[in-house]
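Here is a short briefing for a reader meeting this structure for the first time. Please keep the sequence and the 3D view open while reading.

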Amino acid sequence: MNSPNGYRRESSGGHPPYDNPAYASTHKRAPRNAPVRLEHTLSEITGPRFAGDLPAPGEDDLTHFDGGEALGERIIVTGRVLDEDGRAIPHTVIEIWQANAAGRYAHAEDRHEAPLDPYFAGIGRVITDTQGAYRFMTVKPGAYPWRNHHNAWRPNHIHFSLFGPSFATRLITQMYFPGDPLLDLDPIFNSVPDRSARERLIAKFDIEVTIPEYALGYRFDFVIRGREATPTPG
Amino acid sequence: MSPLQTPSQTVGPFFKPALIRSGNESLVTSNSRGERITIEGRILDGDAAGISDAMIELWQANADGRYDHPDDLQEKLIDPEFHGFGRAATDELGRFRFHTIKPGSATGPGNLLHAPHINVSIFARGLLKRLVTRIYFPGEQLNATDPVLNTVAPGRRSTLIARIENADQPGILRFDIVLQGENETVFFDV
Ligand SMILES: [Fe+2]
């Protein structure tokens, strides 16, 4: 039986290593053994789809929750999910979570002494259209302190989880904002070795996306792995 | 110019309200085909402490060894009652539990039968990108010839094979995931 081709590998320098001395939580969690390279089989070139559990109307608007409107600077985030060959990835679910405008997550374990916003849950989902495009509205998340080192602060960021077409293309990442002075100081952002790769995590302000009198617009594309040009060996 | 990959970043500690929904730890309905199994275990760090803020995802074939995906070209039946994806968070002791079925064998190139296995992704604070491992089954003849299991050093293969802890409950399989240190689980670069 012939199998469809496998997927290309992680670009070198384009992803963080597991072990990162500047990020304390990696110290006891990063494996000591190098991962064993696995030639792609059916297990990796297939992958989950969200059958029957697709985003509902309203899940693309984080600014309204529980009958009220969230505080903060309203923003639109839009872009496309593409693979390395520039092909659109349609019908893939993107899950979204973030802190509120004050830098506090609606999460029991977040002890940061910043106010919760009763009208902001910080959770959303979208699905890409036939062109691979997505769009949602939220408020700009605040920066927040963490205990990684003295006076450590996370830059403004939004968390994203997406699947793409296969097990091999699974991606969880964070999007940052242009001009944030905390970026240079953040061990998580700087865990990506290549500067140019890191900068791909920064959204671009776009006046064309901006809605007059209402919300600032940002563009952010996700690029997941493309397919190998030749069939997978055994 | 071709676009370049978006780098991975950690899932962080605050993902549960967004990503974890009760019920996603069960991959089966009452009508799914196949032998019911429960997979339970803990995720442990380099101090052998349970990791309470991890997320685990399973991806597996159905009872016939067929993945619910258009790129699986095997001439085997799809099971409309089994899609093969599950997700769970660990609890305060680092424990997780899934309800699923034992997958069948998928056929690889050269008509080689792969040993039944479940593909696993692990995400957590402190993991800047996911870890990938596989759960294999004890006492499977095909384990001896599985092309992936055979790329792993023999002394470490046992970390990939679930255990039956209680012979009276052969449907309950134990699979601990050790991120670091002695008996470190084998992880794969996919
Ligand atoms: Fe965060």
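Across all chains, the structure holds 27 salt bridges. This is a predicted model. Chain A and chain B bury about 6,700 Å² between them, and 8 salt bridges cross their interface.

**Salt bridges within chain A**

- Arg37(A) and Glu39(A) join their side chains in a salt bridge, at 3.5 Å from N to O.
- Arg37(A) is partly exposed, with a relative accessible area of 45%. Glu39(A) is also partly exposed, at 37%.
- Another salt bridge joins the side chains of Arg74(A) and Glu69(A), with an N to O distance of 2.9 Å.
- Arg74(A) has a relative accessible area of 24%, so it counts as partly exposed. Glu69(A) is partly exposed too, at 38%.
- A network of salt bridges links five residues: Arg8(A), Asp83(A), Glu84(A), Asp85(A) and Arg87(A).

**A salt bridge within chain B**

- Asp53(B) forms a salt bridge with Arg125(B), and their closest N and O atoms are 2.8 Å apart.
- This pair links distant parts of the chain, 72 residues apart. Asp53(B) lies in the loop between strand 1 and strand 2 of chain B. Arg125(B) lies in the loop between strand 5 (117-124) and strand 6 (131-136) of chain B.
- Is Asp53(B) buried or exposed? Asp53(B) counts as buried, because its relative accessibility is 10% and the cut-off for buried is under 20%.

**The interface of chain A and chain B**

- In chain A, 79 residues are in contact with 69 residues of chain B.
- Of the area buried between the two chains, 57% is on carbon and sulfur atoms.
- One salt bridge pairs Arg87(B) with Glu95(A), and the closest N and O atoms are 2.9 Å apart.
- Several elements of chain A each supply at least two residues of the side that touches chain B. Among them are strand 1 (36-37), helix 1 (42-45), strand 10 (157-162) and strand 14 (222-224) of chain A. Strand 5 and strand 6 of chain A also belong to this group.
- Which element of chain A supplies the largest share of the side that touches chain B? That share, 5 residues, comes from strand 11 of chain A.

**His40(A)**

- His40(A) sits in the loop between strand 1 and helix 1 of chain A.
- With a relative accessible area of 3%, His40(A) is buried.
- A polar atom of the His40(A) side chain lies 3.1 Å from the backbone nitrogen of Tyr7(A).
- The His40(A) side chain also reaches the backbone oxygen of Val190(B), at 2.5 Å.

**A sheet in chain A**

- An open sheet of 4 strands runs in the order 6-5-10-11 in chain A, with antiparallel pairing.
- Strand 6 (123-127) and strand 11 (171-176) of chain A are the edge strands, and each pairs on one side only.
- From one strand to the next, the twist averages 25°.
- Strands of a sheet pair through backbone hydrogen bonds, in either a parallel or an antiparallel way.
- Strand 5 (residues 93-97) of chain A pairs with strand 6 of chain A in the antiparallel sense, over 5 bridges.
- Which residue in strand 6 of chain A is the bridge partner of Glu95(A)? The partner is Arg125(A).
- Glu95(A) also takes part in the salt bridge with Arg87(B).

**Positive phi in two loops**

- Most residues other than glycine have a negative phi.
- Asn151(A) has a positive phi, near 60°, and is not a glycine. Asn151(A) is placed in the loop between strand 8 (144-146) and strand 9 (152-154) of chain A.
- Asn151(A) is exposed, with a relative accessible area of 58%.
- Ala48(B) has a positive phi of about 60°, although it is not a glycine. Ala48(B) is found in the loop between strand 1 (36-44) and strand 2 (54-60) of chain B.
- Ala48(B) is exposed, with a relative accessible area of 53%.

Key:
Residues numbered from 1 in each chain as written. Chains lettered and ligands numbered in written order. Predicted model: local features only at pLDDT ≥ 70, side-chain atom pairs only at ≥ 80, totals over all residues. Heavy atoms only, no water. Pairing = 2+ DSSP bridges. Axes fitted to C-alpha atoms, helices over the stretch in contact; angles between N-to-C directions. Buried < 20%, exposed > 50% of the residue type's maximum accessible area, 1.4 Å probe, protein only. Salt bridge = Lys/Arg side-chain N within 4 Å of Asp/Glu carboxyl O. Contact = heavy atoms within 4.5 Å. Buried area = accessible area lost by both parts, 1.4 Å probe. Polar contact = N/O pair within 3.5 Å; in protein donor to acceptor, adjacent residues only side chain to side chain.
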